[in-house]
Amino acid sequence: MKNLIAQLALITSLVMTSFAAQSADVSSTAESQFLPVEQAYQLTLKTNQQQLSLHWQIHDGYYLYRERIGIKQFNNGELQKFDLAMPKGKLKHDPNIGDTQVFYHQLIAQTTLSNTQPLTVKVSSQGCADAGLCYPPHHQWFSIEPSTGQITAIDKPKPEGQASPNTSSNETKGMLTPPTWSALKLLSMATFAFVGGLILNLMPCVFPVLALKGLSLVESADISVKQRRIHGLVYTAGVVTSFVAVAGLLLILRAAGQQLGWGYQLQSPWFVAAMVYLFFVVGLSFSGVIELGAQFAGAGQSLTEKSGMTGSFFTGVLAVLVASPCTAPFMGASLGFALSQPMIVALTVFVALGLGMATPFLLLSWLPGIARLLPRPGRWMVTMKEVLAFPMYLTAIWLLWVLGRQSGVNAAMLVLIGCLLIVIALYFWPRERWQRGISVMSALLAAVILSSAMLNATASTTVDTSDVTTYRQGLLEELQQDQQPIFLNVTADWCITCLANERVALSSATVKQRFDELGVRYVKADWTNQDDKITQLLADYQRSGVPLYVYFPGGSAKPIVLPQLLSVDTLLAIFSKSS
């Protein structure tokens, strides 16, 4: 069996290595087929007193969008738009913006300067290649002396005391600059993280685990106060240690150049599959099909035994695992701040998050007055434990759906077979010794499934519709040029908060009607699978995970970052305030 597993692992490794090498070769070859933007669209400026001509020589197979061409004067730190006279272009249907005019081969546009004084201008354009590549908006800066006709290409101007007017800067996007930390800033962010940790206990995945720990306190009413308090501290240690471990790995991977954020582990299909197994087994335990006892959940009379301490610790670990798909209010800003700071500062914030999550059970175990408010032991406890199994099964089903979205229906079916193998393993384990061999084989096969190539993430199948536009790099800058309101939704299928917001608020008929009235473009960025561009988008707004909602009112108004929990009233109030 060991040889079989080793062979499967070796074959999988070789296939993945070969596929990665081929993908890299194809990507490199594809990129080499396209010209740099400056060669594809060669721009020349000429001036005759107050008349300025812009001449683009467009390479064969490339074109410029008419509506993406513009020129602005940089004056006193502000950009003032010039009217630009252009001929009509060729009508072309674009899948993103519909019917539009484009220019092939060459374009000559003209504008009139307001005076003959020296000036600095920014020329913007955007184009695509017929072969399929679309360039991001391209900005070029020029210094013009109308009286002499001298024109010089320059870097974007940065006058003293003023930020660069280039639209790629965070400030011109309405984003915050990278935060610096101080004792007061750290204290406020740690407080936000603590409150966010408290709220995590109310999430549908975490609450059953906390409720089960509450049941353990009811059942163990005869143990000493000292033992009860030790269990609370051990559970807290499990929660805090798990948060620090996840944060430490995240920080190390980010330092190594990986674009990752909170919940990054759920972007790995094998981890999602493992979580399906975990919730399935926990559900079986809650239902009474199997008895995991203190070694897993730390519940029941065995809380007084030595192994109960281990159970309390790993219940804390379990609580963090099941909380990973969730982002509570106050967490977004604090975690975004943490991941942009030195490691000691970041870990301090994550420790505060863990302490917040562990506080309810810690209070129950340390304050006898609160513990006395709990009901007395009885048959109701068995019923409640069995009822708590249903959220576990539901979570396993939801994660299976997430896996199907990530890797396809075949991968989801394979993991279902793995769940059956787990049932077989649990069924034969308590029987005769020779039957335990069947149990071990079944468990090993279920583990091998997690390494299957079928679980590899597939490309997103999300497409643009008339109501929702899929996010891509440079899209927000393009849409902002039209001065049209934009609603940005950065989400993921494994984010429970995201799904709840979409169901309760964003799918509301009232909100949709308001979108139509304002002419809002709804842009959706799907972070279900790892996407460096979306990770960078989150980082631009100082967020480490989803959800992120940003409303761009249009015009010169600054973007508005919305709360992580949405309601219809919240959205309508923001629309009314900014319209």
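**Exercise 1.** Which residues cover the two faces of S16, and are they buried or exposed?

*Solution.* The structure is a predicted model, in which local features need pLDDT of at least 70 and side-chain atom pairs count only at pLDDT 80 or more, while totals for chains, interfaces and linings use all residues. Residues are numbered from 1 along each chain as its sequence is written, and side-chain values use heavy atoms, with hydrogens and water left out.

Step 1. Strands are DSSP runs (E, at least two residues) and helices likewise (H or I, at least four), numbered from the N terminus. Strand S16 spans 548-552.

Step 2. On one side of S16 lie Leu 548, Val 550 and Phe 552, and on the other Tyr 549 and Tyr 551; all are buried. Buried means under 20% relative accessible area, exposed over 50%, and partly exposed in between (1.4 Å probe, protein chains only).

Step 3. Because five of the five residues of S16 are buried, this strand is largely enclosed by the rest of the structure.

**Exercise 2.** Determine the order of the strands in the open sheet and identify its edges.

*Solution.* Step 1. Two strands pair if DSSP finds at least two bridges between them. The five strands follow the order S13-S15-S14-S16-S17, with mixed pairing.

Step 2. S13 (468-470) and S17 (560-561) each have a single partner strand, so these two stand at the edges.

Step 3. S14 (residues 486-491) and S15 (residues 521-526) are parallel, with six bridges; Phe 487 has Tyr 522 of S15 as its bridge partner.

Step 4. S14 and S16 run antiparallel and are joined by five bridges, and Asn 489 is partnered by Tyr 549 in S16. S16 and S17 are also antiparallel, with two bridges; here Val 550 is partnered by Val 561.

**Exercise 3.** Trace the network of salt bridges that links Glu 67, Arg 68, Arg 472 and Glu 478.

*Solution.* Step 1. A salt bridge is a side-chain nitrogen of Lys or Arg within 4 Å of a carboxyl oxygen of Asp or Glu. By this rule, there are six salt bridges.

Step 2. Glu 67 meets Arg 68 at 3.7 Å, N to O. Glu 67 is partly exposed at 42% relative accessible area, whereas Arg 68 is buried at 3%.

Step 3. Arg 68 also meets Glu 478, again at 3.7 Å, N to O. This pair links distant parts of the chain: Arg 68 belongs to the loop between S3 (62-65) and S4 (70-75), and Glu 478 to helix H15 (residues 475-481), 410 residues apart.

Step 4. Glu 478 forms a salt bridge with Arg 472, their closest N and O atoms being 3.1 Å apart. Glu 478 is buried at 3%, and Arg 472 is partly exposed at 27%.

Conventions: Contact = heavy atoms within 4.5 Å. Axes fitted to C-alpha atoms, helices over the stretch in contact; angles between N-to-C directions.
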